[in-house]
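These are my notebook entries on one structure, taken in the order in which I looked things up. The model is a predicted one.

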Amino acid sequence: MPLWPVYTGTNAPHDGITKLPAPPPWRAFDGGPVLPAPDAAADASAVSPDRTHRAETYQATQETVQLVNAALYLRRPLLVTGPPGTGKSSLVYAVARELGLGPVLRWNITSRSTLHDGLYQYDPLSRLYAARQEAARQDRTGENAEGTDDPSGIEHHLRLGPLGTALLPYARPRALLIDEIDKSDLDLPNDLLNVLEEGQYEIPELVRAARLAPDGVAEVLADGTDERVPVARGRVRCRAFPFVVLTSNGEREFPPAFLRRCVTLHLRQPDDRHLAEIVRAHLGEPDAHARTLIERFLSRAGVGDLATDQLLNAIYLARSADLDADSLDRLAEQLMPYLGQTAQPDAF
């Protein structure tokens, strides 16, 4: 029997991802040749310590666990919405750590981001410069590039982006964070539809070059590593659909066709019990002053969209600084704006 839940939210690493059942027939992928899974043990050295800490201390709700597992079983992207500071981007690091998915691939979206940016980057100018350098070298030495690794080859000037890397035919899913998708140009969600639905894409530059290559295989750099991976005839198709998390602060609406292809999780501001668990995970057992700050945070969280990290900052300084009670209160109000304001009737 398959294991449910695969992702448990306990932050205890395990190999449950290998127990996923076969995908639905309409979400089965057969890309190849199969690439080995990245070394999960390398994750700690591949990301900054703050992200490792976020993964280790993430406190998942039951709803989060259920919907993450739904996305894993259905091989669908997970669209995570909610106010700032509710742990939207931390979720993917926690899942990747628990399930051993290797280093998280991250694509930070801006208003100028395009689908091409996420798939791959190609630098024709550096290729032209390399071709001139190689021609000059051959003129000096009388050698030619036949039978050698020509530095002017397209594959030397092309690197896969985070989305392009996630869709390589890995033996187990890669974890991909597409952060703040609501900041994108209006066309990007629709542009993502076909790639995420089909789990594949083409690199036109390599498709053209493959006509001249004996086997049509190019070795290109993958995102986040200096290792090269084979791409056959410019076409990439996944085998294990990646665990894709798209985050949104709710600054815009998404097309219905895009939403239909995602599993949607809305994270709400944590309640007092959940906040105490978050503080405990990051800073240890909440003391009396911390509990007071938690109560004030909860009573004012609707004003100005306070974020959980502001509360953690205030509690950390309260424990670290040698200040009297009045000074701590003033400091807390500076770190958590709006705590000192009077509630308005329509604020909640």
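Entry 1: I looked up the two faces of strand β8 (residues 228-232). V229 and V231 form its covered face, while R228, P230 and A232 lie on the uncovered one. In a regular strand the side chains alternate between the two faces of the sheet. I then looked up the pairing of β8. Strand β7 (residues 217-221) runs antiparallel to β8 and is joined to it by five bridges. V229, on the covered face of β8, is the bridge partner of V220. Six residues separate β7 from β8 in this hairpin. In the turn, G224 has a positive phi of about 75 degrees.

**Entry 2: the parallel sheet.** I next recorded an open sheet of five strands with parallel pairing, in the order β2-β5-β10-β1-β11. The edges are β2 (105-108) and β11 (263-266); each has a single partner strand, so one side of each lacks a neighbour in the sheet. From one strand to the next, the twist averages 20 degrees. Strands of a sheet pair through backbone hydrogen bonds, either parallel or antiparallel. Helix α3 (residues 62-74) lies across β1 (78-81), β10 (243-248) and β11. Its direction makes an angle of about 165 degrees with β11.

**Entry 3: cysteines.** How many disulfides does a search of the whole structure find? I recorded zero.

Entry 4: Y58 lies in the loop between α2 (49-57) and α3. Is Y58 buried or exposed? Its relative accessibility is 8%, so Y58 counts as buried. Leaving aside neighbours within four places in sequence, I listed the contacts of Y58 as Y7, N11, T64, G87, S90, L91, A94 and L267. For G87, the separation from Y58 is 29 residues in sequence and 7.7 Å in space, C-alpha to C-alpha.

**Entry 5: backbone exceptions.** Most residues other than glycine have a negative phi, and most peptide bonds are trans. I therefore looked for departures from this pattern. N11, one of the contacts of Y58, has a positive phi near 65 degrees. N11 is found in the segment before α1 (43-46) and counts as buried at 12% relative accessibility. R75 has a positive phi near 55 degrees. R75 is placed in the loop between α3 and β1 and is buried, with a relative accessible area of 13%. I also recorded cis peptide bonds. The bond from W4 to P5 is cis, with omega near 0 degrees, and the bond from G32 to P33 is cis, with omega near -5 degrees.

**Entry 6: a helix pair.** Last, I looked up helix α12 (residues 288-300) and helix α13 (residues 308-320), which pack at an angle of about 155 degrees with their axes 10 Å apart. This angle makes α12 roughly antiparallel to α13. Their crossing is right-handed. The contact is made by H289, A290, L293, I294 and F297 of α12, and by T308, L311, A314, I315 and A318 of α13.

Notes: Residues numbered from 1 in each chain as written. Predicted model: local features only at pLDDT ≥ 70, side-chain atom pairs only at ≥ 80, totals over all residues. Heavy atoms only, no water. Pairing = 2+ DSSP bridges. Helix = DSSP H or I, 4+ residues; strand = E, 2+ residues; numbered from the N terminus. Axes fitted to C-alpha atoms, helices over the stretch in contact; angles between N-to-C directions. Contact = heavy atoms within 4.5 Å. Disulfide = S-S within 2.5 Å. Buried < 20%, exposed > 50% of the residue type's maximum accessible area, 1.4 Å probe, protein only. Parallel < 35°, antiparallel > 145°, perpendicular 65-115°, else oblique. Left-handed = near helix turned anticlockwise from the far one by under 90°.
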